[in-house]
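Hello,

Here is the structure I promised to pass on to you.

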Protein chains: 2
Amino acid sequence: MAASPSEDWKAMVAYVTRYRNLGGILGLLEWDQQVCMSGGSAGSRGAQVAELSKVRHAALSDPRCGDLARAVLGSADADLGPEQPSGSVRAAAARAVLRDHSRAAAVPAVLVDRAARARTAGFTAWNRAREAGQFHDFAPALAELTEVARAEAACHSVGEHLYDGALEGFDPGARVASLTPMFRRLGTALVPLVQAARNARAPDALALSVPEPAFERLNRHVLDAMGYDFERGRLDLAAHPFTVGVHPNDVRITTRLLPDAPLGTLGATIHEGGHALYEQGLPVEWFGTGLCRAAGAGLHESQSRFWENQIGRSRAFFRWLCPAMEEACGHTIDPDALYRSANRIEPTFVRVEADEATYNLHVIIRYELELALFEERLSVAELPDAWNAAYAEWLGLDVTDPRQGVLQDIHWACGLFGYFPSYTIGNLYAAGFGKAIAADMPDLLDRVEVGDLAPILRWLRERVHSRGCEVDAPTIFQDAVGDCDPVEALIQHLYDRQGALYGISRPIAD
Amino acid sequence: MAASPSEDWKAMVAYVTRYRNLGGILGLLEWDQQVCMSGGSAGSRGAQVAELSKVRHAALSDPRCGDLARAVLGSADADLGPEQPSGSVRAAAARAVLRDHSRAAAVPAVLVDRAARARTAGFTAWNRAREAGQFHDFAPALAELTEVARAEAACHSVGEHLYDGALEGFDPGARVASLTPMFRRLGTALVPLVQAARNARAPDALALSVPEPAFERLNRHVLDAMGYDFERGRLDLAAHPFTVGVHPNDVRITTRLLPDAPLGTLGATIHEGGHALYEQGLPVEWFGTGLCRAAGAGLHESQSRFWENQIGRSRAFFRWLCPAMEEACGHTIDPDALYRSANRIEPTFVRVEADEATYNLHVIIRYELELALFEERLSVAELPDAWNAAYAEWLGLDVTDPRQGVLQDIHWACGLFGYFPSYTIGNLYAAGFGKAIAADMPDLLDRVEVGDLAPILRWLRERVHSRGCEVDAPTIFQDAVGDCDPVEALIQHLYDRQGALYGISRPIAD
C-alpha cells in the first residue's frame, strides 16, 4: 500500500483507468462483431472476448484493488490540494470501485467458468429452439442458466430477496420490495387504458415508405438536432440496434433500416441517440475515478426512452420532423396523422414492437416471471404456460407460437436476469424528467416544434449526464425533478397522450 | 511446472493462445483507428493500446512462459499420441515461443517505457517537421529514437553486428553479413538499367480515370480472382493501405482510391491482397502453437510483391484485367499499352510511388543509412546530406524538399529500424517464386490471361502459407524454389520485363 493519501488516490486512479480501458476494448470487440466482422470470422471472436474478459476480471477482483479503494475511503478527509478532487468525490469514487471489486471478487472462479459455459450453450440452444419453434429445445439450457443466475445473485446478496442480487448488477439500489408494488400499480392502471383502447376507434396507421438511401440523411437530421457529436462517435447499421461507449469520447450508435416502417427506424435511432448522449455527456475528466459512468441501467434507459417517447413521439416533434419525412417519402404528409399513427395503442406479442403504453406490460410480465423463477414458485417447464397466461390476462393476447412468446428475447439466453425491469424503470424516470422539464421550460414544445432541442440536452447534461455515478440513480432523479411520484407521472403521461387520442379519460381512482 | 510432457504441451498452447488472442485484439484496435474511428475519439485510443500492449508484454515476458517452452523442448522426444502434433512440430513451436519470450524479457522495463515515450514524441515531431518542411524539427527526436533502437538491438544481440538485433525482430535469421553484399550486388546491377532507361525512349504513360464508385467492383474483381476470402475478412479504405490479421479467420485489407491513377489503387489492392492471402492461408489448426504465423516480414512482403509485380504487372494479367478496366473507365483500352505504362522506369523521390526497378534502390539507400546510424559512422545531423547524396548517386535525383526526401517515411518516426530491408528481401523472394512457379506451371501465363489464378494460390499455399513459421524463411524459400540465387532471379526478371520494354539488354557481366 502506498504511503500517503495522495499516492493512494493516484494508485486507485491508475487501477480504474486500467480496467475502464480494458472494458472499452471489450465494447469495441462487441461493436465490431455486430457491425463490421464477416460471418466466417465469428469463431475467432469468442476466444478474444473471453481472454480479455478474464484479464479485466482479474484486475477487478485483485485484492489490491479493494485495498486501494478502502485506503482512499479511509483518507477522504485529507485535503489533496486544489488540483485534486474533493474528499466527497474521492469517497464516492472509492465506493464505486469497492462495489465493482466486491461484485467481481464475490463470484468464485468455478462459478465464473460455469456461467460462461452456460451462456455459450444457452445462446446456441435458444437459437436452435427458435428455429424449431420448440421451447423444450431451450428448457434444459434455461434451467441451468436460471440456476447459475440464482447462484450469482446469492454471491451478491444485498437485500432481503435473492433477486435483489440480480437487480443490483444493473440498477444499484433497486429492490424487489419497492419495485413490485410500483410495477403492480403501473400495470393495474394501464390494463384499463389498453382495454378501453381495444373497444374505441383507433387512429389510422399511416402507411409510409422510405427508400434505403434516404435514411442516412433522415437519421443524421434527427441526431444532429438532438446534439449527438458525430466527431466522437459514428452511426452504423446492425440487426439489433445498440449503443456502445468504447470511451466517453468514442460512443457509437447503430440502428436498422425498415423501409416500410420508417418511424420504427427513427424510433430506434432516437432511442440509441438518447443512450449515446448520456455516454457522451459523462464527466470525462473523471474517467480514472470510476465515476465517469452511467448510474445504472434504468437511468440509462430513461435517457433513451425520454428522447424516444417524451420528445420523439410528441406532436411538436412530428411537426418539426414532417418536412424531412416528406422529402424522404417523396410526398406530402399530415404531421398530425404522423403523430396519431405513432401513438396507437396496439397489444402485440413482441416487446420491441410495442407501443408506449403496452410496452410496460411486456416488461412487468417478464419481471414477475423472473421473480417467480428465482423464488422457485415457478419451474422452467411451467414457464411457457405461465407466459401465455400472463399475456392473456394483461394484454388479451392468445400466444400460440413460442417464437412470438417465451422465446422472443435474447436476455435469458445470455444469462441476463434482472435486466428487464430497467426498461420500465427507465420509462418511469423519463416520465418524471418529462414533467420536470416541461415545468422548467414553459416554451419547451415551441422549441421542439422548430427543432431547437439544444436546451433539452443542456437540461439533461446538467442534471443527469454530468453527474456520472457520483450518487445513485434515485438521488440523481430526485435532485433533477424534486418531489415527483414517477408512477403517477407515467400513468398521467400515457393518459394525456395515448388516452386522449382514443378519447379515454383516466378513471377517478386507478 | 506441470508433470507430464502432455500437460506441459497443453499449458504452453494455452499460453500462446492467450497472447495471440491479445495480439489479434491489438490488430483490431489499429484497424479500427485507421478505418472506423472518428477524429474526435483519437485521444482515447492510445491509452487503450498501451494498456493492452502492457498486458500482452507481461504475458510474454513472464518467466513461466520461458519455463514452459523449455519443458516442451526438453520432452520433444515423447510421443503424445496420434491426436497431438509430432515432436518436431512441438520443438519448433517451443523454439518460436522461446524467441518471442526472450525478445520480450530481454528489454528492461525502463527501456520499454523510454521507447514508448520516444515513439510518441517522435511521431509528433515528425508530423511537425513535415508540416514545416524542416528536418531539424525532427532531429532531436530522431536522435533519441536511434539511441533507443540501438539500445533495444543490443538487448537482442544475435549476430556480429548491432543492427542484426534490429533485423531479427522482423526477419529472424537475416544478418548484415549476408544482406550487405546481396544488396550491393542488386544495386550495382540496377543502376545501369535505370541510367540506360533515362537515355532511352520511355513507353507512354497511359492517362486513365476511374470514378470512385466503380472501384468497389474493380477491387472485388481482382481480389476474387486472387482467391481472397471475403467471408473471413473485408475490404475498406484507409489513407495508408495496410492489412491486418485480427485472426487467421479475420484478415482485413485496406486500399485507397486514386481516381486519376487507378493502376495505383489496383497495385495497392493486389499488394495488400497478397499479404492477406498469406495470413488467410496460415495453418489455423496451429493457432495455439505459435507456428500459425508468417515466417518473417521479408517473406510477408514477398507474398504481396509477388502478386503485385510478378503477377499483377505481367502482360498476361493486364490482358485479363483489361475488359474490367474498360468498363470502369468507360472507353476501350489497349492491354499492351496498359502493360507498358505500368512498367515504365521512372526515378522518383518517393519510395511508395516507385516503379519495380527503382523501388529497390530506395530501400538499399535506407538500409545503408540505417546501418551507418547504428554503427555511428553517421550522425542524425548529417543524415539529410547523406540521404541527398545517395539519391543523387543511385537515382540521379536532386532532393530539395525534405518532405520528398529524408522526412517521407513514417518508419523512423515510429522507431521501426530494421524493417526497410524486408521490402527488398520480399522482392528477392518474390523473384525466386516467380521463376520457380513458371518452371512448375508451363501454362502459367495462359492461365493468368483468363484470370485462372487459383493454381497460383494453391502453389503458394502448399509451399509457403501452410508452413507457418515451422521453419525459417530462408528454409521455406529454398524448399519452395530449390537451388536459386534470388539476386540473380530479380535482376534477370527486371531486365526481362522493364529492360525489354526499353530495348535495354543486360550487360554480359553486372
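First, a term: a residue is called buried if 20 or more other C-beta atoms lie within 10 Å of its own, exposed if 12 or fewer, and partly exposed in between, with C-beta atoms placed from the backbone. Please note that this is a predicted model, in which local features need pLDDT of at least 70, side-chain atom pairs count only at pLDDT 80 or more, and totals for chains, interfaces and linings use all residues. Residues are numbered from 1 along each chain as its sequence is written, while chains are lettered from A and ligands numbered from 1 in the order in which they are written.

The sheet of chain B

Strand β2 of chain B (residues 243-247) is mostly covered, with five of its five residues buried. Strands and helices here are DSSP runs numbered from the N terminus (E, at least two residues, for strands; H or I, at least four, for helices). β2(B) pairs with β3(B) (residues 250-255) in the antiparallel sense over four bridges; pairing requires that DSSP finds at least two bridges between two strands. Among the bridge partners, T243(B) faces I253(B) and V244(B) goes with R252(B). A hairpin of two residues joins β2(B) to β3(B).

These strands belong to an open sheet of three in chain B, in the order β1-β3-β2 and with mixed pairing. β1 and β2 of chain B stand at the edges with a single partner strand each, so one side of each has no neighbour in the sheet. On average, neighbouring strands are turned by 20° against each other, direction ignored. Helix α1(B) packs on the sheet, touching β1, β2 and β3 of chain B, and its direction makes about 140° with that of β2(B). Axes are lines fitted to C-alpha atoms, for helices over the stretch in contact, and angles run from 0 to 180 degrees between N-to-C directions.

Where the chains meet

In the contact between the chains, 30 residues of chain B touch 30 residues of chain A; contact means that C-beta atoms, placed from the backbone, lie within 7 Å. α1 (5-35), α2 (42-61) and β1 (233-237) of chain B each supply at least two residues to this side, and α1(B) gives the most, with eight. 100% of the interface residues of chain B are also interface residues in chain A, so the copies meet through the same surface.

Best wishes

Key
Contact = placed C-beta atoms within 7 Å.
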